[in-house]
Amino acid sequence: MSQPIITQLSYFSQVEKKGTLVLLIDNSGEISSSLELEGLDKDLMKSLIELRNFKGERFKYLEICALAKNSYDRVIFLGVGNSSEFFSDDWIKLGGVCRGALVDTLQVTLIMQLKERELCDDEIEDFICGFKLRNYNFDKYCTNKVSKKEPLKIVFQTKTIERVKKSLERAEKLADAVMMTRDFVNEPANILGTEEFCIKIQELKTLGVEINVFDDQKLEKNGFAALLSVSRASRRPARLVMMQWKGSSFENQTIAFVGKGVIFDSGGISLKPSASMEEMKGDMAGAAAVVGTIFSLASRKAKVNVVGVVGLVENMPGGNALRPGDILTSLSGKTIEVINTDAEGRLVLADLLWFTKEHFKPLLMIDIATLTGAIRVALGQHYAGLFSNDDVLVERLCAAGTRTGERLWRMPLGKEYDCIVDSKIADMRNCTGRDAGSVTAAQFLKRFVGDTPWAHLDIAGTAIASIKNDYNESWGSGFGVRLLDSFAHYYEDNM
């Protein structure tokens, strides 16, 4: 869970000199001459910077303790380097570096000022977002914690309070959405089952999100056979949850996000190896990202119409479990030969995509899922796989990925791969073997989207057991929320 943070905005001359002061230093190695640092000797600070040979290198910092009586306990000079070369998520990283440098302090004063200028709105927003995301820590089940963490008070020292206030509000809402997603992914499956997840989603109603839920009976009545087949052996009931945020007056222009929500994936009858099976509590990271994105959009009252559709199931072995060799009739009417019950996510998404296309008739659909281990083999953990039937959609998603640092790499689709999905005794099969595993999984999904512009994001390598970075030390990274939120901005500006 995130440690609590109290924030405060103050003009330069109104700051209480307490705790830690953070100053941004670019590659000139100089402090801004316009800063009003009453009680601190600028010449002394400059001499200390030169003595320690600190050049203001990007993401490096220098800590100086007790510069004067009745002043800050310490000063941290945070290196920015050449800010004109900042790209993608660099300002978010810098905010994370700042938080990581703060140890054993309960109050920090941040001065959003470079040598020649104050930071712009987007820079401030990214910096604050990175600071908050680095502050996240999921340790709620550690009973040996020494004491409850006290809130960290942050004072932003600025000449333009109203401007910084708006950036602060936007950053906090986006960071909260990412941290909500991290919480979902990090929670164990015995705590966050399908019904518990559904109850959490219902809390979005307070933000004006319309929620509609299909239970087992309604799913069966409406023909969601592929989705229901996955949960047959679990005591956890299946759920389909629809979230609608209506922020635009253009009622017929809706974008759809679809998420795979397998709260635990044992593999079913095609049981996974025991090594690292505990990580399958995160097989609902796609659904978590969709919920987090809807939370973000509704929190900031985004002027866009978005529907989020998630399917919540648990894949377990048992006497009533789906078997290899079974044939299912999906919601679309297309039949599926089950080759491997561990290829269950595409069964869930098949029904979700068809339902979303038919029921909401969206401008476009983006599904997001921890779908295949093969994508991690192909791309590692630095890029998510992107598959799509629409070049414009790919361009906009890749641009959003570049802006946020949640990067995407386009993977191929084509007839050569599509024919591999064919079955001799049904319309298609759900697993085709090791070769091109992530591609054939996406090719399977493509059969359920029709002519709707569609993209599939395979986040198995980026959402769980994620690589640590300057603003994420969590096992569940919350990948996808900032990406989809940024993507939605295009439609806010053009609806």
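How many bridges join strand 11 to strand 12, and do the two run parallel or antiparallel? In this predicted model, three bridges join them, and the strands run antiparallel. Strand 12 covers residues 335–337.

In general, the strands of a sheet pair through backbone hydrogen bonds, either parallel or antiparallel.

Empty space was examined next. Rolling a probe the size of a water molecule over the atoms shows where such space is left. The largest pocket holds about 940 Å³ of space. Its lining counts 33 residues. Closest to the pocket centre are K272, D342, T372, G373 and A374. Four elements each supply at least two lining residues: strand 9 (254–265), helix 9 (345–360), helix 10 (374–379) and helix 13 (437–446). Helix 10 gives the largest share, three residues. By class, the lining of the largest pocket has twelve nonpolar, eleven polar and ten charged residues.

The second largest pocket holds about 570 Å³ of space. It is lined by 22 residues. Those closest to its centre are D122, E125, D126, R403 and S486. Helix 2 (90–101), helix 3 (121–134), helix 4 (161–186), helix 11 (391–404) and helix 14 (481–494) each supply at least two residues of it. The largest share, five residues, comes from helix 3. The lining of the second largest pocket has seven nonpolar, six polar and nine charged residues.

Cavities were also searched for. Across the whole structure, one cavity of 30 Å³ or more was found. The largest cavity contains about 30 Å³ of space. Which residues line the largest cavity? They are S229, V230, G268, N315, M316, A321, L322 and T341. This lining divides into four nonpolar and four polar residues, with no charged ones.

Definitions and conventions: Residues numbered from 1 in each chain as written. Predicted model: local features only at pLDDT ≥ 70, side-chain atom pairs only at ≥ 80, totals over all residues. Heavy atoms only, no water. Pairing = 2+ DSSP bridges. 1 Å grid on protein atoms, 1.4 Å probe; cavity = no way out; pocket = protein on both sides within 12 Å on 5 of 7 lines; lining within 4 Å. Points joined across faces, edges and corners; volume = space filled by probe spheres on them. Nonpolar A, V, L, I, M, F, W, Y, C, P; charged D, E, K, R; others polar.
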